[in-house]
Amino acid sequence: MLLYTTVGAHDLKTSYKFYDAVLKPLGYVRLKELATEIGYGPKGDRPRIWVLSPVNRLPATYGNGTMICFDAPSRKAVDEFHAAALDNGGYDEGKPGIRSVEDGFVPNYYAAFVRDPTGNKLSAGCDKPG
């Protein structure tokens with residue numbers, strides 16, 4: 001449904017370190033690096049998420065209610081995503097675990113929620129059992 005998405009960053013060097021670490025367990029790699037942006041995606045594909053300095057040169061901000069969720073290949077990858085975020089300047093918004101069907105999640109949905117160094121909310125989720 002989406003071709004790509006972008007998030008703004010205050011400091012690209014800090015963001016590169018963060019995104020290199022958190023996207024690795026999910027199977028995404030740095031595919032393109034320009035002076036004001038960096039693109040990530042599956043190896044052999046095109047960038048599907050861009051981390052960038054805003055084009056209008058105003059400070060990067062995050063959206064209240066905005067979140068990007070990455071499709072994780074396993075629960076272990078969700079755990080590694082969360083740990084990498086905390087180890088690389090991000091902060092916790094929801095520890096890894098099963099999310100409740102009563103809260104609108106599908107059965108077996110295992111996810112973690114973090115914020116990147118700029119404050120963008122990210123998640124990694126896996127709906128495979130066990």
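Q: What radius of gyration does the protein chain have, and which value would a compact globule have?
A: The radius of gyration is taken over C-alpha atoms, and the globule rule is 2.2 Å times the number of residues to the power 0.38. With 130 residues, a compact globule would have a value near 14 Å, and the protein chain agrees because its radius of gyration is 14 Å. This is a predicted model, in which local features need pLDDT of at least 70, side-chain atom pairs count only at pLDDT 80 or more, and totals for chains, interfaces and linings use all residues. Residues are numbered from 1 along each chain as its sequence is written, and side-chain values use heavy atoms, with hydrogens and water left out.

Q: Where does P73 lie?
A: Helices (H or I, at least four residues) and strands (E, at least two) are DSSP runs, numbered from the N terminus. P73 is in the loop between strand 5 (68-71) and helix 2 (75-87).

Q: Is P73 buried, partly exposed or exposed?
A: Buried means under 20% relative accessible area, exposed over 50%, and partly exposed in between (1.4 Å probe, protein chains only). The relative accessibility of P73 is 42%, so P73 counts as partly exposed.

Q: Which residues is P73 in contact with, leaving aside its neighbours within four places in sequence?
A: Contact means heavy atoms within 4.5 Å. With those neighbours within four places left aside, the contacts of P73 are P25, L26, C126 and K128.

Q: How many residues apart in sequence are P73 and G41, and what is their C-alpha to C-alpha distance?
A: In sequence, P73 and G41 are 32 residues apart. In space, C-alpha to C-alpha, P73 and G41 are separated by 14 Å.
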